[in-house]
Amino acid sequence: YLLYTPNRQPWKRRNRWIPALGSIDNDALRERRQTTMMNIDGIEPVAAERRAVELLESCAWPDGPVCPHCGATGKCYRIGGARPGLRKCARCRRQFTVKVGTLFEGSHIPLYKWVLAIFMMCSSPAGVTASRLHRSLKISYKSAWLVCQRVRTAKQQRPLASLLTPSAKPKRRPAATKGVG
């Protein structure tokens with residue numbers, strides 16, 4: 001843990017963060033922050049987007065695609081093109097993707113970044129802030145805030161609430177007691 005120790009003589013040294021045992025310079029802090037962040041530099045966006053669409057389709061439609069407009073099953077076919085996962089219903093003749101009717105609808109954020117954000121938010125017991133998503137996923141802060149709000153709302157709704165809540169809650173450390181020391 002880091003303790004804040006203000007200097008008594010500010011003209012000699014600046015106020016600085018000093019760890020409880022020893023000192024850490026700024027390079028070590030920067031390196032520690034970078035290792036805790038998710039690195040998405042090596043991800044190829046096209047392949048990751050295709051895999052994210054396949055993952056969401058297998059979760060949303062285990063028995064095959066269902067048209068969100070008319071409810072037809074088995075009468076939907078893929079449309080090849082620039083948008084991965086684009087389908088068309090043979091009954092109502094309308095196009096749709098797995099995003100329609102979900103928290104991803106109307107968002108220009110790539111689907112693989114949504115999946116990474118959901119993973120980060122659900123795997124961290126303390127939660128993830130919008131600024132951390134902003135830094136990790138390399139999206140704007142406003143977009144990261146929107147992602148956080150939508151995922152938090154989806155985690156509280158009926159089908160996902162039971163799946164995304166951990167069964168064993170993390171144990172809290174007992175409060176530090178002041179002792180003679």
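Among contacts in the protein chain between residues at least 6 apart in sequence, what percentage join residues at least 24 apart? The figure is 43%, with contact taken to mean heavy atoms within 4.5 Å. The model is a predicted one, where local features need pLDDT of at least 70 and side-chain atom pairs count only at pLDDT 80 or more, while totals for chains, interfaces and linings use all residues. Residues are numbered from 1 along each chain as its sequence is written, and side-chain values use heavy atoms, leaving out hydrogens and water.

On to the overall layout. The protein chain carries six helices and five strands, which are DSSP runs numbered from the N terminus (helices are H or I with at least four residues, strands are E with at least two). Read from the N terminus, the order is β-β-α-α-β-β-β-α-α-α-α. Of the 181 residues, 25% count as buried; here buried means under 20% relative accessible area, exposed means over 50%, and partly exposed is in between (1.4 Å probe, protein chains only). The chain exposes about 13,800 Å², and carbon and sulfur atoms supply 54% of that area. Accessible areas come from the Shrake-Rupley method with a 1.4 Å probe, and for residues only the protein chains shown count as cover.

Next, the inside. In soluble globular proteins, nonpolar side chains tend to be buried together. The largest nonpolar core here has 32 residues, a core being a set of buried Ala, Val, Leu, Ile, Met, Phe, Trp, Tyr and Cys residues joined through side-chain atoms within 4.5 Å. Leu 111, Trp 114, Leu 133, Leu 137 and Val 147 have the most contacts inside this core. At least two core residues come from each of helices H2 (45-60), H3 (111-123), H4 (130-137) and H5 (141-156), and H3 gives the most, with seven. Leaving aside residues up to four places away in sequence, Leu 133 touches a list of residues including Ala 117, Met 120, Val 128, Ile 139, Val 147 and Cys 148.

A search of the whole structure turns up two aromatic pairs. Rings of Phe, Tyr and Trp (its six-membered ring) pair if their centres lie within 6.5 Å, and planes under 30 degrees apart count as stacked, over 60 as edge-to-face and the rest as tilted. Trp 61 and Phe 96 have ring centres 5.9 Å apart and planes at 85°, so this pair is edge-to-face. Trp 61 sits in the loop between H2 and strand E3 (76-78) and Phe 96 in strand E5 (residues 95-96), so the pair ties together parts 35 residues apart in sequence. Both Trp 61 and Phe 96 are buried. Phe 104 and Trp 114 are also edge-to-face, at 5.3 Å centre to centre and 80° between the planes. Phe 104 belongs to the loop between E5 and H3 and Trp 114 to helix H3, so parts 10 residues apart in sequence are tied together. Phe 104 counts as buried at 7% relative accessibility, and Trp 114 counts as buried at 0%.

Thr 97 lies in the loop between E5 and H3 and is buried, with a relative accessible area of 12%. Not counting residues up to four places away in sequence, Thr 97 touches Trp 61, Arg 83, Gly 85 and Leu 86.

Ala 47, in helix H2, is buried at 14% relative accessibility. The C-alpha atoms of Ala 47 and Tyr 112 are 9.4 Å apart, although 65 residues separate the two along the chain.
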